[in-house]
Amino acid sequence: MADLDQGRVKAWLMEDDPAALERLWAEADAVRRARVGDEVHLRGLIEASSFCVRACHYCGLRAPARGLDRYRMTGEEILEAAREAHRLGYGSVVIQAGEDPGLDQAFIAEAVRAIKADTPLAVTLSLGERSDEELAAWKAAGADRYLLRFETGDPELYHLIHPDLPGRPSDRLAQLRRMRDMGYEIGTGVMVGIPGQTWDILAADLLRFREFDMDMLGIGPFLPSPRTPMGGPDAPSYLALRDQVPNDELTTLKAVALTRLLCPEANIPSTTALATLDHAQGRELALMRGANVVMPNVTPVGYRIRYEIYPGKACVSETAEACRGCLETRIRALGRQVGRGPGGRLRTECKD
Ligand code: SAM
Ligand code: SF4
């Protein structure tokens, strides 16, 4: 496929000719197979806390959201969820949460140390915007990776959707750069169809993935939550805006496929948000169009329902064991295998 620049990425995102799209899907699948293989890596997702001090305009966990039954898991519960992930054969866990000061430096360092002492799992953290001191302490405790979606590099849209905290301006790209210097594998990503996202903005953001040579890239559709300014009764009818990217399955799949072409060796999950839009085959379609990772939930079911980023989240009531069985069947049906080991970022000699 010809060199992907801003104009070409934008044109592919807007493409609606089925024959052309078949070529995009085939190319993304071929690059995925050649560069990261047929294994699908499973990461156990532990949703450790639904408290959050931030007010991101899109997210149902935002601090001002009312009516949520918020929770914070104990250290022992986090360790037990990680043990469950290991028992199920997963190679890594992701400890994710709102930006919760209750998950403080010592608490998370201890949780990481306990998991590392007890299991061979790789540990990924996804705890929002945190200080360098915290990030360095968690790296020293054994954390391997950190996930923080920058959502958009467009300064105007970024500041609109990520209000600053007093004395703590929001700058996710800056944190990603600092974490890379600390030795973390870094993951990031964007939502597709967030209000205010134009085709040009999304194309530029996919190109940023390549520019920053990110290790993991999560791309899911924006799903409106009624607890947010973007999903409540006063939400603007943004889909009618000229140039607004739709938050649909097809556009999300195009973004996943283009991301694979731009970043051939990155780990790319088939996201829960996509499975939420299309319960029947969202997960499979992403895996057939560039993705090579799935993040099954290992959070205790009683907490999972309360981690309500958006309504109707897929797989909230299945046990971790049931999820494991279901995913293995789906992965095998695609002619692929469940990955073994931690499934870190591959780096070959070949430079794109
Ligand atoms: N607090 C951490 C952070 O912000 O990185 C981790 C938790 S946050 C809920 C994880 C991700 O959920 C965000 O990066 C965002 O992309 C996604 N998310 C939030 N609200 C969403 C929505 N309404 N639709 C789809 N995805 C959403
Ligand atoms: Fe909090 Fe993360 Fe949601 Fe922002 S995206 S409100 S930091 S949980």
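How many helices and strands does the protein have? In this predicted model, there are 13 helices and eight strands. Let's start with the overall dimensions and then go down to helix pairs and ligands.

For 352 residues, a compact globule would have a radius of gyration near 20 Å, and the protein's 19 Å agrees with that.

Now for how some of the helices sit against each other. Two packed helices are described by the angle between their axes and the distance between the axes. Take helix 1, residues 6–14, and helix 8, residues 199–211: they pack at about 120°, and their axes are 9 Å apart. Angles of 65 to 115 degrees count as roughly perpendicular and those over 145 as roughly antiparallel, so this pair is classed as oblique. The crossing itself is right-handed. On the helix 1 side, the contact is made by Gln6, Val9, Lys10, Leu13 and Met14, while helix 8 brings in Trp199, Asp200, Leu202, Ala203, Ala204, Leu206 and Leu207. Sort those residues by class and you get nine nonpolar, one polar and two charged.

Next, look at helix 2 (residues 18–36) and helix 9 (residues 249–262). Their axes come within 9 Å and cross at roughly 45°, which makes this pair oblique as well. Here, though, the crossing is left-handed. Helix 2 makes the contact through Leu24, Trp25, Glu27, Ala28, Val31 and Arg32, and helix 9 through Lys254, Ala257, Arg260 and Leu261. The class count for this contact is six nonpolar, no polar and four charged residues.

That leaves the ligands. Which residues come nearest to ligand 1? Of the 18 residues around it, those are Cys59, Gly128, Arg149, Leu223 and Tyr310. The shell around ligand 1 splits into ten nonpolar, six polar and two charged residues.

Around ligand 2 you'll find Cys52, Arg54, Cys56, Cys59, Leu61, Arg62, Gly98, Glu99 and Gly128. By class, the ligand 2 shell has four nonpolar, two polar and three charged residues.

Key: Residues are numbered from 1 along each chain as its sequence is written. Chains are lettered from A and ligands numbered from 1 in the order in which they are written. This is a predicted model: local features need pLDDT of at least 70, side-chain atom pairs count only at pLDDT 80 or more; totals for chains, interfaces and linings use all residues. Axes are lines fitted to C-alpha atoms, for helices over the stretch in contact, and angles run from 0 to 180 degrees between N-to-C directions. Helices (H or I, at least four residues) and strands (E, at least two) are DSSP runs, numbered from the N terminus. Angles under 35 degrees count as roughly parallel, over 145 as roughly antiparallel, 65 to 115 as roughly perpendicular and the rest as oblique. A crossing is left-handed if the near helix is turned anticlockwise from the far one by less than a right angle, and right-handed if clockwise. Two residues are in contact if their C-beta atoms, placed from the backbone, lie within 7 Å. Ala, Val, Leu, Ile, Met, Phe, Trp, Tyr, Cys and Pro count as nonpolar, Asp, Glu, Lys and Arg as charged, and the others, Gly among them, as polar. A residue is near a molecule or strand if its C-beta atom, placed from the backbone, lies within 6 Å of it. The radius of gyration is taken over C-alpha atoms; the globule rule is 2.2 Å times the number of residues to the power 0.38.
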